[in-house]
Amino acid sequence: MSVEVLDGATIVSFVEDEEAFNGLIHDRFSNLDTNHDGFLSYAEMLKEFQSLRVFETHFGIDVKRDPDELAHVYDSLFVKFDHDANGAVDLEEFKKETKRMMLAMANGLGFLPVQMVLEEDSFLKKAVEREAMKMDA
């Protein structure tokens with residue numbers, strides 16, 4: 001983990017860079033697709049949702065959540081990705097929903113820079129790294 005400074009423009013710029021964004025989407029999708037069938041099952045997505053620990057922590061402190069509540073949240077997230085409701089997420093659905101969520105984060109952040117703790121392999125960390133490379137060039 002590292003502490004980084006970013007704003008909405010950092011995220012928007014990354015999402016609009018189709019080569020960088022699509023490359024990261026493809027890599028993440030491939031890593032999540034453990035059975036290599038070209039689709040993400042609920043079980044494959046659930047592992048990713050759980051690894052993020054967004055709902056199991058509050059400002060970095062573990063919080064005991066109701067398992068039924070967590071299951072409902074994870075089910076709802078999966079439905080957001082599964083646009084055609086066929087029980088599996090394909091690469092295009094994964095890309096569209098990830099893009100939508102990142103642009104929503106960018107909109108929420110606005111134009112004022114904020115400091116955030118980011119996981120090393122996260123989409124936001126990749127956006128910050130891309131912006132830093134552009135500034136160094």
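Predicted model: local features only at pLDDT ≥ 70, side-chain atom pairs only at ≥ 80, totals over all residues.
**Entry on α2 and α5**

I began with helix α2, residues 18–32, and helix α5, residues 91–109, whose axes come within 10 Å and cross at roughly 120 degrees. Angles from 65 to 115 degrees count as roughly perpendicular and those over 145 as roughly antiparallel, and α2 and α5 are therefore oblique to each other. I also noted that the crossing of α2 and α5 is right-handed. Looking up who meets whom, I listed F21, N22, I25, H26, R28, F29 and L32 on the α2 side, and L91, F94, K95, T98, K99 and M102 on the α5 side. Sorted by class, this contact of α2 with α5 holds seven nonpolar, three polar and three charged residues.

**Entry on T98**

When I set aside the neighbours within four places in sequence, I found T98 in contact with F21, I25, F81 and F123. Of these partners, F21 and I25 are also listed in α2 where that helix meets α5, while F123 is listed in α6 where that helix meets α1.

**Entry on α1 and α6**

Next I turned to helix α1, residues 8–16, which packs against α6 at an angle of about 90 degrees, with the two axes 9 Å apart. That angle makes α1 roughly perpendicular to α6. From α1 I wrote down T10, I11, S13 and F14, and these meet F123, L124, K126, A127, V128, R130, E131 and K134 from α6. By class, the residues of the contact of α1 with α6 divide into six nonpolar, two polar and four charged.

**Entry on S122**

I looked for S122 and found this residue in the loop between β6 (114–118) and α6 (123–136). With a relative accessible area of 17%, S122 is buried, since the cut-off for buried is under 20%. What does the side chain of S122 reach at 3.0 Å? I traced the side chain of S122 to the backbone oxygen of E119.

**Entry on N35**

My last stop was N35, in the loop between α2 and β2 (39–40). N35 has 46% relative accessibility and counts as partly exposed, because that label covers values between 20% and 50%. I also compared N35 with D66, and the two are 31 residues apart in sequence and 30 Å apart in space, taken from C-alpha to C-alpha.

Technical notes
Residues numbered from 1 in each chain as written. Heavy atoms only, no water. Axes fitted to C-alpha atoms, helices over the stretch in contact; angles between N-to-C directions. Helix = DSSP H or I, 4+ residues; strand = E, 2+ residues; numbered from the N terminus. Parallel < 35°, antiparallel > 145°, perpendicular 65-115°, else oblique. Left-handed = near helix turned anticlockwise from the far one by under 90°. Contact = heavy atoms within 4.5 Å. Nonpolar A, V, L, I, M, F, W, Y, C, P; charged D, E, K, R; others polar. Buried < 20%, exposed > 50% of the residue type's maximum accessible area, 1.4 Å probe, protein only. Polar contact = N/O pair within 3.5 Å; in protein donor to acceptor, adjacent residues only side chain to side chain.
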